[in-house]
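The discussion begins with a single residue and its contacts.

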Amino acid sequence: MWNPLSPSEVIAAMGGPVRDAARGEEPLDDWESGQLLSVYSATRHLAAEVGAVEPHIGELTGDLAAALRSSTDETELAARLSQLAELLEGVDDSRQAAEIACQALDLVRVDGSTSAEHVRAEIHVALARAVELEVRLLADAIEGPVEP
């Protein structure tokens, strides 16, 4: 979900090893076989990400927006963070959400106030929840749900 490459970029990158293997006339060596297995693994992860993770982006951007609005002070920082939170409304691209999170983290780092540190901690909580959800959903899609 928070990968720098879009699904289409990942798919395009996977095409090279597959094309080379298909065009080759000699048996594959261990490295080449490993490359093809990596492509296979990437397709499973990509399918899981698109199918299982992307539907949760709105929930995760909502958590992040709430974190950005968690300042109780009426400061310029709070106003700027609120503007960033508004930008998250309707965002369905995880890379765009990650960029907004980075902008917010830059703002609170520069500010350094107690309120900024509170917001920073809330952003970290929201991002940790996003990562935990992604890992769980990917694992469930690839390996099957784990029984509690």
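In this predicted model, Val 91 touches Ile 57, Thr 61, Gln 96, Ala 97 and Ile 100, when residues up to four places away in sequence are not counted. Val 91 is placed in the loop between H4 and helix H5 (94–111). With a relative accessible area of 7%, Val 91 is buried, because that value falls under 20%. Val 91 and Val 10 stand 81 residues apart in sequence, and their C-alpha atoms are 21 Å apart in space.

One of the contacts of Val 91 is Thr 61, a residue of helix H3. Leaving aside neighbours within four places in sequence, Thr 61 is in contact with Leu 88, Val 91 and Ala 97. The relative accessibility of Thr 61 is 6%, so Thr 61 counts as buried. Its side chain reaches the backbone oxygen of Gly 58 at 3.1 Å.

Ser 70 lies in the loop between helix H3 (57–68) and helix H4 (76–88). A polar atom of the Ser 70 side chain is 2.7 Å from the backbone oxygen of Ala 67. Not counting residues up to four places away in sequence, Ser 70 touches His 118, Val 119 and Glu 122. Ser 70 is also buried, with a relative accessible area of 16%.

The accessibility values of these residues are collected below.

| Residue | Relative accessible area |
|---|---|
| Val 91 | 7% |
| Thr 61 | 6% |
| Ser 70 | 16% |

Attention now turns to the largest pocket, which holds about 160 Å³ of space. Helix H1 (7–23) and helix H2 (30–53) are the elements that give two or more residues to its lining. The largest share, four residues, comes from H2. The residues lining this pocket include Pro 17, Asp 20, Ala 21, Trp 31, Glu 32 and Gln 35. By class, the lining has six nonpolar, two polar and four charged residues.

At the level of the whole chain, the protein is divided into domain 1 (7–54) and domain 2 (56–142). Taken over C-alpha atoms, the centres of domain 1 and domain 2 are separated by 33 Å.

Methods
Residues numbered from 1 in each chain as written. Predicted model: local features only at pLDDT ≥ 70, side-chain atom pairs only at ≥ 80, totals over all residues. Heavy atoms only, no water. Buried < 20%, exposed > 50% of the residue type's maximum accessible area, 1.4 Å probe, protein only. Polar contact = N/O pair within 3.5 Å; in protein donor to acceptor, adjacent residues only side chain to side chain. Contact = heavy atoms within 4.5 Å. 1 Å grid on protein atoms, 1.4 Å probe; cavity = no way out; pocket = protein on both sides within 12 Å on 5 of 7 lines; lining within 4 Å. Points joined across faces, edges and corners; volume = space filled by probe spheres on them. Nonpolar A, V, L, I, M, F, W, Y, C, P; charged D, E, K, R; others polar. Domains from an automatic or database assignment.
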